[in-house]
Amino acid sequence: MGISNQRNNGLKQNWKCALICLGMAFATTQYGFDVSAVGTFQAMPGFLMTFGYEDPALKGGWGISTRDQQLIASFLNVGTIIGVLFITPFGRYFGRRYGIWMGTIIAFAGCAAQIAATSVAGLCVGRALMGASNAFFITFSNAYIVECAPPQLRGLCSASFAITINIGTIIGAVVDERTSHIMGRLSYQIPLACLFIFPALLSIFVFFIPESPRWLMLHDRRDEAEKSLVTLRGDSLEPEFLQEELVEITRGVEEEKSRASSLSIVDIFKGTNLRRTMLCVAVVLSRASSGVWVFLSYGTYFYQQAGVDDIFRIGIYSMTVQLVGVAVGLYCAYKVWGRRTMLLIGTGASAISMLGPALGATIAPDTPEAAKAFLAFHFFYVITYSGFAGSMTWPVSAEVVNSRLRVVTLSFATGVDYFFAWLTSFCSPYFINPTALNWGAKYCWIWAASNVMTFVFFWIFLPDMKGRSLEEIDELFEKRVATRDFATFECQSSSQAHEIALHKMEEAKATTQYVETGR
């Protein structure tokens, strides 16, 4: 039962589709670069001269107010929340590729606004526009990859977002390190100008790839869907098994349409979709609950508080170690463990990573030992969270929902995630800033607790969907299969699709023989 073994071929046979998915995954490189570069601006004299204030008592002679820290960090998330409000109506009429092009247009406007800004208000407008473009990039690129990748490669292809984000953060840190010594506006304008590069290259790439076959099928464009699937699969499948996949997609879409005649956000809370929406939101929200937003937005500040001299270089080292962790995690996800196990390992390790600095700052505050503990556990965190939990949130959040509601559910989950990310960015300065509560690394107590709660939720509710086709996942949820039975349940959708495909091919063969005989 289930998918034919011939459809479970590997990366070598599906190299073309894998490259297309990897190219689409670079949609998040802009996001990684942006967060890394702008997060480090708070330590740049050239940036502080424009948006901060002079204070000889501070290291470097310049500072920035808590309020402005909050606004700059949080408006990226505010923009994303606003962006998701437009994704559902846009995705109803336009495909995944057009979503990327729209994100590009918004990103260009955001880049220009930030470069031209001379006040915090103007900078926040640019941050909001960049956040809105991220909403389009994240939602449509993830939906595209999950809908196009073969079942056995779906996790690997979608989890490559973790690689591309990390590449963006490294490039952003390197560019910042090279421009940080410029005593003027160019110190931050050059990194901001680099943000034009990523959406420009992505928009060109999208011209040369096919639209998602499932989106085309949802809009009754069967012939185009078949051509798209043929392009994506290349020579990896024999005609018989290509037809099997096409039939499976067709039947899955038809069954989903028969259960609902309209596309509304209310549908994601109806029937079996409620369970799927709950899981999608929980997985996406686990990024915020992990504490990753604290390090993304205020990592440089924590390095300074820990007494690190060269914060730019230590940031680059941290991101490089993170890239290694992601590479190891992707290998484990492809060859060793399922999605559920990966998320449990990453979330559990994140709880430990947060507990260490919190204990150090509580037992021996403001000591070299506490600073060393913070750095050590931070490196452990970037390896384990990014490599195991963070990378798996991408495939799981997109594959757990059905094709008809994928963009709607993903945009809703992204909005919830970025609301809490905004809340984190807005509130964090109160906890860590010396002029406020001055908790420093004690702030990690909160995130240790949130990681424990996330771990418990995943342990109880999250099933493993590795190796399943999207239509099989639909069947598992429609039949209300228990979490622990997902891995062993024998689905009928793929085997039935295989029988239908064989019957159609036999009919076509018989027709061809009849015509040839008649001639």
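Asp220 sits in the loop between α10 (213-218) and α11 (222-233); helices here are DSSP runs of H or I with at least four residues, strands are E runs of at least two, and both are numbered from the N terminus. This is a predicted model, so local features need pLDDT of at least 70 and side-chain atom pairs count only at pLDDT 80 or more, while totals for chains, interfaces and linings use all residues. Residues are numbered from 1 along each chain as its sequence is written, and side-chain values use heavy atoms, with hydrogens and water left out. The quick version: there are 15 salt bridges and zero disulfides.

- Most residues other than glycine have a negative phi.
- Asp220 counts as exposed, at 64% relative accessibility; the scale is buried under 20% relative accessible area, exposed over 50% and partly exposed in between, using a 1.4 Å probe and protein chains only.
- Arg480 also has a positive phi, of about 55°, and it isn't a glycine either.
- You'll find Arg480 in the loop between α20 and α21 (493-518), where it counts as exposed at 58% relative accessibility.

**Cysteines**

- No disulfide turns up anywhere in the structure, the test being a pair of cysteine sulfur atoms within 2.5 Å.
- Cys124 is buried, with a relative accessible area of 4%.
- Cys332 is buried too, at 10%.

**Salt bridges**

- The structure's count is 15, where a salt bridge is a side-chain nitrogen of Lys or Arg within 4 Å of a carboxyl oxygen of Asp or Glu.
- Arg251 pairs with Glu255 in one of these salt bridges, with the closest N and O atoms 3.9 Å apart.
- Both residues belong to helix α12 (residues 239-259), and because they are four residues apart there, about one helical turn separates Arg251 from Glu255.
- Glu255 is partly exposed, with a relative accessible area of 37%.
- Arg276 and Asp474 form another salt bridge through their side chains, at 2.7 Å from N to O.
- Arg276 is in helix α13 (residues 273-289) and Asp474 is in helix α20 (residues 470-478), so this pair ties together parts that are 198 residues apart in sequence.
- Both partners are out of the way of solvent by the accessibility scale: Arg276 counts as buried at 1%, and Asp474 counts as buried at 10%.
- Glu472 and Arg468 also meet in a salt bridge, at 4.0 Å from N to O.
- Here Glu472 counts as buried at 2% relative accessibility, and Arg468 is buried with a relative accessible area of 11%.
- Arg96, Glu147 and Arg406 are linked in a network of salt bridges.

**Helix packing**

- Helix α1 (residues 15-25) packs on helix α9 (residues 197-206) at an angle of about 145°, with the axes 10 Å apart; axes are lines fitted to C-alpha atoms over the stretch in contact, and angles run from 0 to 180 degrees between N-to-C directions.
- The α1/α9 crossing is left-handed, meaning that the near helix is turned anticlockwise from the far one by less than a right angle, with clockwise for right-handed.
- From α1, Leu19, Ile20, Gly23 and Met24 meet Leu202, Phe205 and Val206 of α9; contact means heavy atoms within 4.5 Å.
- By class, the contact of α1 with α9 has six nonpolar residues, one polar and no charged; Ala, Val, Leu, Ile, Met, Phe, Trp, Tyr, Cys and Pro count as nonpolar, Asp, Glu, Lys and Arg as charged, and the others, Gly among them, as polar.
- α13 packs against helix α18 (residues 406-432) at about 35°, with the axes 8 Å apart.
- α13 and α18 make a right-handed crossing.
- On the α13 side the contact includes Thr277, Cys280, Val281 and Val284, and on the α18 side Phe412, Val416, Asp417 and Phe420 are among the residues involved.
- The α13/α18 contact has eleven nonpolar, three polar and two charged residues.

**Two local neighbourhoods**

- Asn14 lies in the segment before α1 and counts as buried at 2% relative accessibility.
- Neighbours within four places in sequence aside, Asn14 is in contact with Asn9, Pro150, Gln152, Leu153, Arg233 and Ser236.
- Trp62 is in strand β2 (residues 62-63).
- The C-alpha atoms of Trp62 and Gly52 are 6.9 Å apart, with the two residues ten apart along the chain.
- Again leaving aside neighbours within four places in sequence, Trp62 is in contact with Leu48, Met49, Tyr53, Glu54 and Asp55.
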